[in-house]
Amino acid sequence: MNNAVPLVEISPWFSGDEKARDAVAAAVDKACVEWGFLILAGHNIDPELIEAMSATSRAFFDLPVEEKLKVDASGSVGGRGYYRMEAKSLARTLGDKTAPGDLRESFRIGAEPVAADPRTTSLEARGHFADNRWPELPREMKPVWTQYYQACDRLSTELMRICARALKMPDDYFDDMIDRSTSNLVAQNYPPLDKPPVPGQVRNGAHTDFGTLTLLLAEDRPGGLQLKGLDGEWHDIRPIPGTYIVNLGDMMAQWTNDRWRSTLHRVVNPPADAGAASRRLSVVFFHTPNFDATIACIPSCVSEARPASYEPIQAGEHIARKLRAVESVSKTS
Ligand SMILES: O=C(O)CCC(=O)C(=O)O
Ligand SMILES: [Fe+2]
């Protein structure tokens, strides 16, 4: 089955040829206007690192729940660690206050403070830069996740330069707003269903992402990702080996004054009889700007005919609001 969303090959961007770069930027612009999603090919992340990331994540979720709960995220600064099954409900971020918990468990890390850098240790920075909670097992978890996080952060910086060009701004327009990014890396395990879902319960409730852009690796299994198109229909989006699914978050919609879309998406349940084959792992990098970056509609996206639809907001405050909503399941149960 072909995906409706376009595949964009970005390797020409790395060649440095200006015409080739313009063509990549134009393809990104089109995908972002029409879908807010694209399939990213020609990225420069090492396939072995990707494989190691998937393997350590799977091995972590295979541990007994008591072992995983040793790094329970409840109460952690910045939401670091393990979230048990049904601990989160993404549909709550869009105001559905009673949506049931999602049928997934997850493990999450974020940006850590750097002793020599006050921008990561100041009082204001503390909720955004926090020590990660590393499990003892699997032993490779910390080195592999740390390396993968850094690789995704570098790739995202380059993607933001492509975005800047696509938006007719200088390539380095976003650079000083993302040079201390507060991104998150999350692995999610969607086990086969062991009981019927309660009404309204899905693997991952309909939501938009919060940050700039998201780099998603996922297994192609029954019970997968769908996005809501401009036609109002839900479209399946199937992972293609060697590529990333990239989607824009709310901040990009705000920066671009809704030229680009932060598209609603969800992960649906597998058919009841899908059995073990429906286990699905996803690894998601949520690229997020510096917490003190101001998200204000960028000049090329504002005109007399199209005045700014958003008040400027600090990135950190925007994310904090969303996280309070998504974690409310853990607080009430
Ligand atoms: O697991 C997936 O395929 C998507 C997950 C997702 O959209 C999210 O966690 O924000
Ligand atoms: Fe998402």
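Visitor: How are α2 and α6 oriented to each other?

Guide: Two packed helices are described by the angle between their axes and the distance between the axes. The axes of α2 (residues 18-34) and α6 come within 8 Å and cross at roughly 85 degrees. Axes are lines fitted to C-alpha atoms, for helices over the stretch in contact, and angles run from 0 to 180 degrees between N-to-C directions. Angles of 65 to 115 degrees count as roughly perpendicular, so α2 and α6 are roughly perpendicular.

Visitor: What kind of model is this, and how are its parts numbered?

Guide: This is a predicted model: local features need pLDDT of at least 70, side-chain atom pairs count only at pLDDT 80 or more, and totals for chains, interfaces and linings use all residues. Residues are numbered from 1 along each chain as its sequence is written, while chains are lettered from A and ligands numbered from 1 in the order in which they are written. Helices (H or I, at least four residues) and strands (E, at least two) are DSSP runs, numbered from the N terminus.

Visitor: Which residues of α6 meet α2?

Guide: Contact requires C-beta atoms, placed from the backbone, within 7 Å. Ala, Val, Leu, Ile, Met, Phe, Trp, Tyr, Cys and Pro count as nonpolar, Asp, Glu, Lys and Arg as charged, and the others, Gly among them, as polar. From α2 come Arg-21, Val-24, Ala-25, Ala-26, Val-28 and Asp-29; they meet α6 at Ile-162, Cys-163, Arg-165 and Ala-166.

Visitor: How far does α6 reach from its first C-alpha to its last?

Guide: α6 spans residues 141-166, 26 residues in total.

Visitor: Which strands stand at the edges of the eight-stranded sheet?

Guide: This open sheet has mixed pairing and the order β1-β2-β10-β7-β12-β5-β4-β3. Strands pair if DSSP finds at least two bridges between them. Each edge strand has a single partner, so one side is left without a neighbour in the sheet; the edges are β1 (7-9) and β3 (81-83).

Visitor: Which residue stands opposite Ala-187 in β12?

Guide: β5 (residues 184-190) pairs with β12 in the antiparallel sense, over seven bridges. Opposite Ala-187 stands Val-283.

Visitor: What is the bridge partner of Asn-204 in β11?

Guide: A sheet of four strands, open and antiparallel, runs β6-β11-β8-β9. Within it, β6 and β11 pair over two bridges. The partner of Asn-204 is Val-267.

Visitor: Which strands each supply at least two residues of the shell around ligand 1?

Guide: A residue is near a molecule if its C-beta atom, placed from the backbone, lies within 6 Å of it. The residues around ligand 1 include Gln-188, Asp-209, His-265 and Ser-282. By class, the shell has five nonpolar, four polar and one charged residues. At least two residues each come from β7 (213-218), β11 (265-267) and β12 (280-287).

Visitor: Where is the peptide bond that is cis, with omega near -15 degrees?

Guide: Most residues other than glycine have a negative phi, and most peptide bonds are trans. Pro-138 is found in the loop between α5 (118-121) and α6. The cis bond runs from Leu-137 to Pro-138.

Methods. Expected span 1.5 Å × (residues − 1). Parallel < 35°, antiparallel > 145°, perpendicular 65-115°, else oblique. Contact = placed C-beta atoms within 7 Å.
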